[in-house]
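Hello,

Here is the structure you will be taking over. Please open it first and keep it beside you while you read the notes below.

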Amino acid sequence: MNKPDLKNYTSKQLSFFVEKLGLPKYRAAQIFSWLYRPGFTDFSQMTDISKEVRALLAENAVIGSFSNYTEESSKDGTVKYGFILDDGAVIESVLIPEDDRNTLCVSSQVGCAMKCAFCLTGTLGFTRNLTPAEIINQVTSVIDKIRANQSGQTLNSEKMINNIVFMGMGEPLLNFDNLIAAIEILTDQRGLDFSQRKITVSTCGIVPKIHELGDKTNINLAVSLHATSDSVRNLLMPVNKKYPLKDLIEACRKFPLPKRRRIMFEYILLKDVNDSDDDARKLAQMLKGIPCKINLLPYNESGELPYKQPAQERVDSFQQILWDAEYTVIVRSSRGSDISAACGQLAGKSA
C-alpha cells in the first residue's frame, strides 16, 4: 500500500491523520507548518519534533516534491516549467514576471478533456486529475527556484510570487475537491499564506460548479468566453453544447462577488473567427450589468493549429468598441513566444 503524501492534506485533514497515528492533536500544527517552509523535503528537518515522532511519520507517510523537470526561459523573462510526475506524466507551469509582480500559472489536470479547438492541451487528451500535493508542488518548486536565485535574501512567498492563476493545463472546476483543498493550503497561514485576492481560477464554463466555487472561496473568477454566439462557441469550445452562453452568463451574474471585485472575462482573438466589430458590440451587450473586466488575448500561434493572430488594427478596433461601452479592457501581449509557452506545447514535446 502506498504511503499518503502529507501535502495532500489540509490542516484539518492532517489533524485526523496525526490522531490515527496515536499522536496528540497539537502535533498536526507543528507538522503542517514545516511542510511549506523553503527547501523542506525530509522529516529529518523537523528539528523541534522528536526523533521518535519523525521516525513514525517516515514509516507511515511521505513528503512529495518535484525534482525532475524541464525548463525553458524566454528573452522576455517568461519561464516555462515541465514537471515530470511520479507516473511519468508531464504538467506545465509558467512564471510570468512583470515590473511589479510575478504571476505563476499552474495546472490542475494532466491533459484536458475540454478539447477547445485553439488549445494545444486539448490535443493531448485527458489523463487524470492532479492531487492537491501536485498542484501545491508547482508553487513551492518555483518559489524554491526563485529563492535560490535571490542570493540568500529572505523573502516571503507572496513577494516572490504575487499571483497564482489556475490557467494552465486542465479545467480546474472538473477537479473541484482537489482544487478547493489546494486553495485552502495555499491560503492557510501555516501553509503558503497567500491572500485569496491573489488567486484566480479560470473556467471554460462548468456552470454547476461556478456558484459552488463562490460559496466555498473568495478567490477571483476568470471565465474563458472566446465567442459571442453559441454557433461559434460550439465550434471553438465543445463544453458550450452542454452549458450554452445563456446559462454561463446567468451563472456569472449570480456569482457571489466580494465588494469591489470583478469577474475577469477572457477572450482570445482569432483572425476572421471572432474578432469583428460586430463581435465586440455583441460582447459589450452580453456582459452588460456584470461587474467585470475583459482580457483580450491576441492568439499565440503554435504552428500545430490553424488559427492566426489578428492584425493590430483589428485588435485596436475591438478594444475601442469595448472602451466606448465603458468596460475595463486589457490587451494581454503574448509572453514566451520564443519558447513553448502556449498551453500544452512543453508537455507535447515530452509526450
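Asn 102 counts as buried, because its relative accessibility is 16% and the limit for buried is under 20%. The model is a predicted one. Asn 102 belongs to strand S4, which covers residues 101-105. Leaving aside residues up to four places away in sequence, Asn 102 touches Leu 95, Ile 96 and Pro 97, as well as Ile 146.

Two residues have a backbone angle worth checking on screen. Lys 115 has a phi near 55°, a positive value in a residue other than glycine. Lys 115 lies in the loop that runs between strand S5 (109-111) and helix H4 (120-124). With a relative accessible area of 58%, Lys 115 is exposed.

Asp 272 is the other one to look at: its phi is near 65°, which is positive, and the residue is not glycine. Asp 272 sits in the loop between S10 and helix H11 (277-286). Its relative accessible area is 67%, so Asp 272 is exposed, the cut-off being over 50%.

The last item is on the surface. Arg 197, Lys 198, Lys 259 and Arg 260 form a positive patch there. One of these residues, Lys 259, is placed in the loop between helix H10 (245-253) and strand S10 (263-269). Lys 259 is exposed, at a relative accessible area of 71%.

Regards

Definitions and conventions: Residues numbered from 1 in each chain as written. Predicted model: local features only at pLDDT ≥ 70, side-chain atom pairs only at ≥ 80, totals over all residues. Heavy atoms only, no water. Patch = residues over 30% accessible without salt bridge, like charges linked within 9 Å, V, L, I, M, F, W, Y side chains within 5 Å. Areas by Shrake-Rupley, 256 points an atom, 1.4 Å probe, with all protein chains shown as cover. Salt bridge = Lys/Arg side-chain N within 4 Å of Asp/Glu carboxyl O. Lys, Arg positive; Asp, Glu negative; His and termini not counted. Charge placed at Lys NZ, Arg CZ, Asp CG, Glu CD. Helix = DSSP H or I, 4+ residues; strand = E, 2+ residues; numbered from the N terminus. Buried < 20%, exposed > 50% of the residue type's maximum accessible area, 1.4 Å probe, protein only. Contact = heavy atoms within 4.5 Å.
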